[in-house]
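Could you walk me through this model in the viewer? I'd like to know what to select next and what I'll find there.

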Amino acid sequence: MKTIRHFKYFITLSAALLVFCTCAPAEAQFWDFFKNAGKEAKYDFKEAELLSQVIIYVRENYVEPSNIKPRDMFLKSLEYIELEVPQILVNAEGAPERVIISSGKTKEAINISDLDHPWQITVHIRQVFRFISENIKLSEKEQRNVEYAAINGMLATLDPHSVFLTPKNFKEVSVSTSGEFGGLGIVISIRDNALTVISPISGTPAAKAGIKAQDKITRIGDESTVNMALDEAVERLRGKRGTKVSIWVLREGWSAPRKFVLTRDIIKIQSVSSKLLSNGIGYLQIKSFQRNTFDDLTRHITTMRKASGKKELTGLILDLRNNPGGLLDQAIYVADFFLKDGAIVITEGGGKKQVEEAENQGYEPSCPIIVLMNGGSASASEIVAGALKNHKLGLVMGQQSFGKGTVQILYDDFADKSALKLTVAQYLTPGNISIQGVGITPDIVLSPLSTEKDGLHLSHDSVFLRESNLEHSLSSDKTEQAKAARPALTVDYLYKKLSDEEEAKRNNNDEFVSDTEIEIAQKLLSSLKIRPATKATILQEAADIMTKVSSDEETAIAESLRKLGIDWRTCPEAKDLPAGQFKADVLFSINPVDKEGNPIARKELMAGDSLKLNVKVKNTGKAPFCRLRAKTKADSGLFNRREFVFGYLPAGASGSWDYTVEVPSDTYAWNELVELSFEEDNNHIPAHPGLQVAIKEIASPQFSMQYRLVEKTGNGDDLLDVGERFDLELMVKNISISNAENVTVAMKNEGGKELFLDIGRFNLEKLAPNETKKATLSFEVREAAIDGAHIKLSVFDTHSGEYLTEEFKWPIQTLKAKDTGKPAPIPAFSAPIDAPSISLPAELLGSYTDKESITVSGVVNDKDPPLDVYIFVNNQKSFYSSLENYNSDANKKYRATFDANLQLKEGPNIITIIARESKTLIRRKSFTVYRQRKGPRVENEESFLLQNSLMP
């Protein structure tokens, strides 16, 4: 029976009770609101009460007080507000004395020379919120979103894990950590534009009712699922235990959907799965640490022990790969399950230190344990792995873990049911070792190598984003031991990609699927001769066992490469030869090719192209290169981390390797430097300066649409009445000079049960320039609503990514007369609806410069008066202008110009221009401008490389 542990200040999913003592007189008004914190009241945007409450928690509980820098927090809040409110622009060039916020021609200066205390942030944010309230009309929902954005901007300066959760996000977090919810027990997804059952969970209401994988859910209650978002469907299917929900299901072979009435039950999220392997070895996977993880673990261990027919398992594989963490107490319980005594984890924060010790509860297994982990193993999973490793109970295998050594508390007493996740402590593994930003080093590193022609990976660098890559990641002065840790053994192995069927079983059906790392761990445990095994004896025996494994994998890798024409031999005799004997000519090229891979006779690289990346190496020296390979480094996902292999190249020999990559048609104008670096077994490295690559965009289609409502059954008054059916006819025109290859029209019910969509999606296929096609959608009016029916109409081209969206609110009447039986008169189509267009100089798009700034001059054209234009440079809002000074011609076509001076960072700068006619009629245009680097990429830039793709 587990002991209930009482955490003094490291709490999860619970609000801390804070007691405030004396406050400076100037702060009195700041604290006044707190006496009513947590109570429902009319929302007052200008008071910034949520932000004020967050500041209190930060000031009193944040782990690293020196990181609380009021001026930085305020300025970052303004950046986030800019992102949320198009009309707001912040000029911080006057900092640290003042900033200027503007909306069109209206400006206000904010004196920030006094920003040296957290409570002053609230004073200045209130000033900003008042400015917004007085100059921009926002709904309450929009105002709340502005405050959420301001809070998260402020928190972003602290560390990557302190965030403010909206009520919706907090609800999802609560479900994931609680481990259970009221629902039906089905995994669903959107497949082929339909709400589809991926798999029912055994023993749940859905499974008992006969719901099957691949069933299509066409209706939930009174609502059609046509174009329903996945999160909306989940929200409607979940509910309190014992409540009923009706769903209509269409199955292959059925002529029409059938109704199922299901009673919701408590659905447990299984965080633990297990499998008894051969030779009595148990496999235990923990996917995350949630409220029921410890109980699930003990149940699975008991089940495997009984199935083995023995008192104890002969070995245990504890799989923590890709486990992102979770609840701290569950990680401690799990570690305690395996340990007899000693420290499990040490937490430090707020000047306090707390040691969690193992309590001998009689559960400790005596079998040898291997812990599997990788770069996706973080937080709570690192606590468990670190405790087992440092107490020499478990042998850790795999790759370096993520490196998150901090603890967060969820404060959930906000009036709107939002929550604050705040970093309140750092934790240490036994031995006072911090793994923050470093991670846990495995005892045995298993390095996956791939020889797939289009997915080559022969380098040992990780593909995982890590804690150290994150902006504002905290540091620790106790990471020396973690940094100095070295694996006892390293084994390369041939990575075998799971089939789609195996992936589906593992991800959707919770079935056990073995892989190479599991097989290696199983082989090691099966081969152990010394019993009982300790970490030392396992390592002692592992040397011989893993040498054999390594040799077998080396042979498999070499054989796989041989089939690709690569000689993967070693030549240690060349290691000490003079450097002058090693020379090579390197030719790196990127060229467009046709579908058969033949070169195209043009130099320009275009969006939509197939590109052949080719590297040729000729050994012009006197000594051989051994296991020679190369790798690209670039800012885009298209060109980054491409590997080329040449293997053994004797003097005079040549090698060549190429990739063919597809550039998506919706790629915007792009320019970047693609660097090329080599690796070689004896460290004899050829050099190459890299390529400056420019991709030109292709002209995108633009759409115009007109609609009319045609009453099919009803009283013939052309108004929406309850009980009537309508066709929504749309005329869609391609108003550009480019083809639209695959055009779809979609109608989404943004309201509730007022409308039931019968046909909500229509494919128009290809639309040539100036071509018009008709789409017909249909719906039934089911209920009246005060605000009427809220509809969103979208036209989009899946090939180019271009779209047009507009929202409508149509009033719903009560039925005034019986159906006359006469057809309603056919109404006229609405006026054409389209978005503004943006014209820019062609030479600007995807350009290259050595200057620190550029001037972007453009034109916005529209058939109606344009509203405004704003510009982002690398997600930083840099320009805003209302377009009230437009010109119009005799045909009532409107034209407005803008000029923006934009600052550039070194490397590629993603510039996005947004022109608006209204909140919904928007045109975006993105491109890059590459500013020449004066030096190499900075170390922290790896996070940009990993997170940003070439594609919008």
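Here is a tour, stop by stop.

**Before you click**

You're looking at a predicted model, in which local features need pLDDT of at least 70, side-chain atom pairs count only at pLDDT 80 or more, and totals for chains, interfaces and linings use all residues. Residues are numbered from 1 along each chain as its sequence is written, and side-chain values use heavy atoms, with hydrogens and water left out.

**Stop 1**

Now zoom in on strand 14 (residues 281-286) and strand 15 (residues 315-319): they run parallel and are joined by 5 bridges. Pick Ile281 and you'll see it opposite Gly315 in strand 15.

Contact means heavy atoms within 4.5 Å, while axes are lines fitted to C-alpha atoms, for helices over the stretch in contact, and angles run from 0 to 180 degrees between N-to-C directions.

**Stop 2: Met373**

Stay with strand 18 and select Met373, which is found there. Is Met373 buried or exposed? Its relative accessibility is 1%, so Met373 counts as buried (buried means under 20% relative accessible area, exposed over 50%, partly exposed in between, with a 1.4 Å probe and protein chains only). Leaving aside neighbours within four places in sequence, the contacts of Met373 include Leu320, Arg321, Val396, Met397 and Ile440. For a sense of scale, draw a line to Pro167: the two C-alpha atoms are separated by 33 Å, and the residues are 206 apart along the chain.

**Stop 3**

Jump to helix 3 (residues 70-84). Its 15 residues reach 21 Å from first C-alpha to last, close to the 21 Å expected at 1.5 Å a residue; the expected span is 1.5 Å times one less than the number of residues. Among the buried residues of helix 3 are Met73, Phe74, Leu78 and Ile81.

Which residues have the most contacts inside the largest nonpolar core? They are Phe74, Ile81, Phe129 and Ile132, in a core of 90 residues. A nonpolar core is a set of buried Ala, Val, Leu, Ile, Met, Phe, Trp, Tyr and Cys residues joined through side-chain atoms within 4.5 Å. Helix 10 (residues 328-338) gives the most to this core, with 8 residues. Another core, of 43 residues, lies apart from it, and includes Phe582, Phe646, Tyr659 and Phe678.

Click Phe129 as well: neighbours within four places in sequence aside, Phe129 is in contact with Phe45, Lys46, Ala48, Ile81, Val146, Glu147 and Ala150.

**Stop 3: the disulfide**

How many disulfides does a search of the whole structure find? It finds 1, a disulfide being a pair of cysteine sulfur atoms within 2.5 Å. Select Cys571 and Cys626, which it joins with an S to S distance of 1.1 Å. The pair links distant parts of the chain, 55 residues apart: Cys571 is in the loop between helix 15 (535-562) and strand 24 (584-593), and Cys626 is in strand 27 (residues 625-633). Look along the S-S bond: the torsion is about 40°, so this disulfide is right-handed. Both Cys571 and Cys626 are buried.

**Stop 4: Ser738**

Next, find Ser738 in the loop between strand 34 (725-734) and strand 35 (740-749). Ser738 is buried, with a relative accessible area of 11%. Not counting residues up to four places away in sequence, Ser738 touches Ala699, Ser700, Pro701, Leu767 and Pro769.

**Stop 5: strand 51**

Finish at strand 51 (residues 922-931), where 9 of the 10 residues are buried. Strand 50 (residues 907-916) runs antiparallel to strand 51, with 10 bridges, and a hairpin joins the two through 5 residues. Ile913 has Lys925 as its bridge partner in strand 51. Strand 44 (residues 847-849) runs parallel to strand 51, joined by 3 bridges, and here Ser847 is partnered by Val929.

Conventions: Helices (H or I, at least four residues) and strands (E, at least two) are DSSP runs, numbered from the N terminus. Two strands pair if DSSP finds at least two bridges between them.
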